[in-house]
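Trainee: Hi! I have a new structure open and could use a guide. Can we go through it together?
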Amino acid sequence: MIFITAKFRVRPEYADQWPGIAAEFTAATRAEPGCLWFDWSRSVEDPTEYVLVEAFRDDEAGAAHVRSEHFRAAQQTLPPHLAETPRIVNTTLAQDGWSLLGEMAVSGLE
């Protein structure tokens, strides 16, 4: 799978509205057949920073995402709300989902 984490620093005046601003892009991406997950989180230390954790089935699914109409639209609609260019970590992993964090296993629940 392709695993991506991106940090988006949103302009302060848009920070509270960011989930709504990105909602159409988020919904369209989650509906892609090759999307495994596409999840936003907000930093607890910096209210203007959102972290996007996303994964796609394979290179073909990742390429389809970048070529999609909703991705091209997001390239136009999202940057005016950002304070800087998003930062990204992108890697390919030989797995297709989340692994358990054994060092913090919750006994009796697995």
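Predicted model: local features only at pLDDT ≥ 70, side-chain atom pairs only at ≥ 80, totals over all residues.

Trainee: Okay! Which element does threonine 29 lie in?

Mentor: Threonine 29 is part of helix H2.

Trainee: And does threonine 29 count as buried or exposed?

Mentor: Buried, because its relative accessibility is 0%, and the cut-off for buried is under 20%.

Trainee: How far is threonine 29 from alanine 55?

Mentor: In sequence they are 26 residues apart, and in space their C-alpha atoms are 11 Å apart.

Trainee: Let me zoom out. How many helices and strands are there in the protein?

Mentor: The protein has four helices and four strands. Read from the N terminus, their order is β-α-α-β-β-α-α-β. The C-alpha trace spans about 45 × 35 × 20 Å along its principal axes.

Trainee: What share of the residues is buried?

Mentor: Of the 110 residues in the protein, 33% are buried. As for contacts between residues at least 6 apart in sequence, 73% of them join residues at least 24 apart.

Trainee: Which residues touch the most other members of the largest nonpolar core?

Mentor: Those are Phe8, Trp18 and Leu78, in a core of 17 residues. Strands E1 (2–9), E2 (35–42) and E3 (49–56) are the elements that each give it two or more residues. E1 gives the most, with four residues. Apart from that core there is another one, of six residues, including Met1, Phe3, Val53 and Ala55.

Trainee: New topic: helix H3. Which residues in H3 are buried?

Mentor: H3 covers residues 59–67, and Ala61, Gly62 and His65 are buried there. Looking down the axis of H3, the buried residues fall within an arc of 100 degrees, so they line one face of the helix.

Trainee: Why would residues three or four places apart point the same way in an α-helix?

Mentor: An α-helix has 3.6 residues a turn, so residues with that spacing point the same way.

Trainee: Nice. What is exposed on the other side of H3?

Mentor: Asp59, Glu60 and Arg67 are exposed there. The buried residues of H3, in turn, are covered by elements including E1, helix H2 (23–30), E2, E3 and helix H4 (69–77). At the start of H3, a side-chain oxygen of aspartate 58 comes to within 3.3 Å of the backbone nitrogen of glutamate 60.

Trainee: How do H3 and H4 cross?

Mentor: Their axes come within 5 Å and cross at roughly 50 degrees, so the two helices are oblique to each other. His65, Val66 and Arg67 in H3 meet Glu69, His70, Phe71 and Arg72 in H4.

Trainee: Last one: where is threonine 48 found?

Mentor: Threonine 48 sits in the loop between E2 and E3. Threonine 48 counts as buried because its relative accessibility is 15%. Its side chain makes a polar contact of 2.7 Å with the side chain of aspartate 46. Setting aside neighbours within four places in sequence, threonine 48 is in contact with Phe8, Arg9, Val10, Pro12 and Ala15.

How values were computed: Residues numbered from 1 in each chain as written. Heavy atoms only, no water. Core = buried A, V, L, I, M, F, W, Y, C linked by side-chain atoms within 4.5 Å. Buried < 20%, exposed > 50% of the residue type's maximum accessible area, 1.4 Å probe, protein only. Polar contact = N/O pair within 3.5 Å; in protein donor to acceptor, adjacent residues only side chain to side chain. Contact = heavy atoms within 4.5 Å. Arc of directions from axis to C-beta. Axes fitted to C-alpha atoms, helices over the stretch in contact; angles between N-to-C directions. Parallel < 35°, antiparallel > 145°, perpendicular 65-115°, else oblique.
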